[in-house]
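Hello,

Here is the structure I promised to pass on. Please have a look at it first, and then read my notes below.

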Amino acid sequence: MTEHDAFARRVLRRETHESRSVSTVVAMLLLLVVAAAAVVAAVLVFLDQRVVGVDPRDVVDAAVAAPRGLDPTVVVGVGAVVAFVGLVLLAKGLLPGRRPRHTMPSDRLAVVVDDEVLASAAARAARGATRLGPDAVVGTVGRRTVDVVLRPAAGVDVPAVAAKDAVDREFDAMDVVPAVHARVRVQPTGRVDG
């Protein structure tokens, strides 16, 4: 593997995956604030000091006793918010965080293509095979699929197989990574052009 290949692979990874640094920094700052408050409270208890006339032991005792004196809906609401934040952070850490982009092989460059561009190319290929208008073909691209919906005028029959073959040829020529599988559907209710 050459230095260029390693550099291109790093660039492609950076452009196709979301950065987790913002969520990591926010989580670490929250953890740092909680840890600093716990250390300050422990030092004050150890030195038997009060802060603005409040004993840290009284604050901890009040926090422990608080759920018993509150309305259950408030306790459940706070618990739900904390659980949601925890789930969001867990999802950010475990899920791949991919951006809606694909890569294309090149010997000289690192090529990244946005999924909207691929969807437009799929729609254009299907339009060419079916001779439908620009607003009669809609394409969407997922991670491993390209979905093309043909919306012909009412009573007009369109060759869906020819459209699928055209989309397959287009994506075979592009050779996107990860590879996508084409799916072409004809909308059952036709458009009424007027």
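By class, the lining of the largest pocket has nine nonpolar, six polar and seven charged residues. Here Ala, Val, Leu, Ile, Met, Phe, Trp, Tyr, Cys and Pro count as nonpolar, Asp, Glu, Lys and Arg as charged, and the others, Gly among them, as polar. Please bear in mind that this is a predicted model, where local features need pLDDT of at least 70 and side-chain atom pairs pLDDT 80 or more, while totals for chains, interfaces and linings use all residues. Residues are numbered from 1 along each chain as its sequence is written, and side-chain values use heavy atoms, without hydrogens or water.

The lining comes to 22 residues, and Leu-12, Thr-103, Met-104, Pro-105 and Val-177 are the ones nearest the pocket centre. (A pocket is an open set of points on a 1 Å grid over the protein atoms alone, where a 1.4 Å probe fits, with protein on both sides within 12 Å along at least five of seven lines; lining residues have an atom within 4 Å of a point.) Helix α1 (3-16) gives the most to this lining, with six residues. (Helices are DSSP runs of H or I with at least four residues, strands are runs of E with at least two, and both are numbered from the N terminus.)

Val-177 is also joined to Pro-178 by a cis peptide bond, with omega about -5°. Pro-178 sits in the loop between α6 and β5 (181-186). In the loop between α5 and β3 (137-141) you will find Arg-131, whose phi is positive, near 60°, although the residue is not glycine. For background, most residues other than glycine have a negative phi, and most peptide bonds are trans.

Best wishes
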